[in-house]
Amino acid sequence: MEMEIQMAVNFLITFLYNKLPRRRVDIFGDELAKELAKKFRGHWYPSKPSKGSGYRCLLISHTLDPVLVSAAKESGLALSDVKTHLPEKLSLWIDPHEVSYRIGRF
């Protein structure tokens, strides 16, 4: 689970680097990893990776997923700054052995 979470976090923070203060983005990444690990506890099934996949999907649309909101608050980044620099209509699935995304349609 740790590797998949780190891959997802790295994917998201690449959109924020060079647009927001690097130190704050790094803190955001750390906070996001903690929030995701906490959320996924009890919802991670390596022998059945698709089980619970919808629960482990982060959505960015006109609102941000609550774990992103929490990580932004904890890191001191303005929510509007985070939302501005992440792709619109992003779905990010964090499953055992796989991290995937789709930008566009919902």
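His 97 is exposed in this predicted model, with a relative accessible area of 64%, where exposed denotes over 50% relative accessible area, buried under 20% and partly exposed the range in between (1.4 Å probe, protein chains only). The residue is found in the loop between S2 and S3; helices (H or I, at least four residues) and strands (E, at least two) are DSSP runs, numbered from the N terminus. When neighbours within four places in sequence are left aside, His 97 is in contact with Glu 4, Pro 46 and Pro 49, contact being defined as heavy atoms within 4.5 Å. His 97 and Pro 46 are 51 residues apart in sequence, and their C-alpha atoms are 7.6 Å apart in space. The model being predicted, local features need pLDDT of at least 70 and side-chain atom pairs count only at pLDDT 80 or more, whereas totals for chains, interfaces and linings use all residues. Residues are numbered from 1 along each chain as its sequence is written, and side-chain values use heavy atoms, with hydrogens and water left out.

The backbone of His 97 has a positive phi of about 75 degrees although the residue is not a glycine. Asn 18, likewise not a glycine, has a positive phi of about 70 degrees. Most residues other than glycine have a negative phi. Asn 18 lies in the loop between H1 and H2 and is exposed, with a relative accessible area of 79%.

Helix H1 comprises 13 residues (residues 2-14), which at 1.5 Å a residue should span 18 Å, and this agrees with the 18 Å between its end C-alpha atoms; the expected span is 1.5 Å times one less than the number of residues. The buried residues of H1 are Glu 4, Ile 5, Ala 8, Val 9, Leu 12 and Ile 13. They cover an arc of only 160 degrees around the axis, which puts them on the same side of H1, the arc being that of the directions from the helix axis to the C-beta atoms. On the other side of H1, Met 3 and Met 7 are exposed. The buried residues of H1 pack against helix H2 (22-40), strand S1 (57-60), helix H3 (66-75), strand S2 (90-95) and strand S3 (98-103).

The largest nonpolar core has 30 residues, and those with the most contacts inside it are Ile 5, Leu 12, Phe 28, Leu 32, Leu 36 and Ile 94. At least two residues of this core are supplied by each of H1, H2, S1, H3 and S2, and the largest share, 7 residues, comes from H2. A nonpolar core is here a set of buried Ala, Val, Leu, Ile, Met, Phe, Trp, Tyr and Cys residues joined through side-chain atoms within 4.5 Å. Apart from its neighbours within four places in sequence, Phe 28 is in contact with Ile 13, Leu 16, Leu 68, Ala 71, Ala 72, Ser 75, Leu 77 and Val 82. In soluble globular proteins, nonpolar side chains tend to be buried together.

With a salt bridge defined as a side-chain nitrogen of Lys or Arg within 4 Å of a carboxyl oxygen of Asp or Glu, the count comes to 3 salt bridges. Arg 56 forms one with Asp 95, the closest N and O atoms being 2.8 Å apart. Arg 56 lies in the loop between H2 and S1 and Asp 95 in strand S2, so the pair ties together parts that are 39 residues apart in sequence. Arg 56 is buried, with a relative accessible area of 0%, and Asp 95 is buried as well, at 9%.

Within helix H2, the side chains of Glu 31 and Lys 34 meet in a salt bridge (3.4 Å, N to O), and these residues, 3 apart in the helix, are separated by about one helical turn. Glu 31 is buried, with a relative accessible area of 16%. The side chains of Glu 35 and Lys 38 also meet in a salt bridge (3.8 Å, N to O), again with a spacing of 3 residues in H2, or about one helical turn. Glu 35 counts as buried at 16% relative accessibility.

Asp 65, placed in the loop between S1 and H3, is buried yet has no salt bridge, and Lys 39, the nearest side chain of opposite charge, is 4.2 Å away. For charge, Lys and Arg count as positive and Asp and Glu as negative, while His and the chain ends are not counted. Leaving aside neighbours within four places in sequence, Asp 65 is in contact with Lys 39, Cys 57, Leu 58 and Leu 59.
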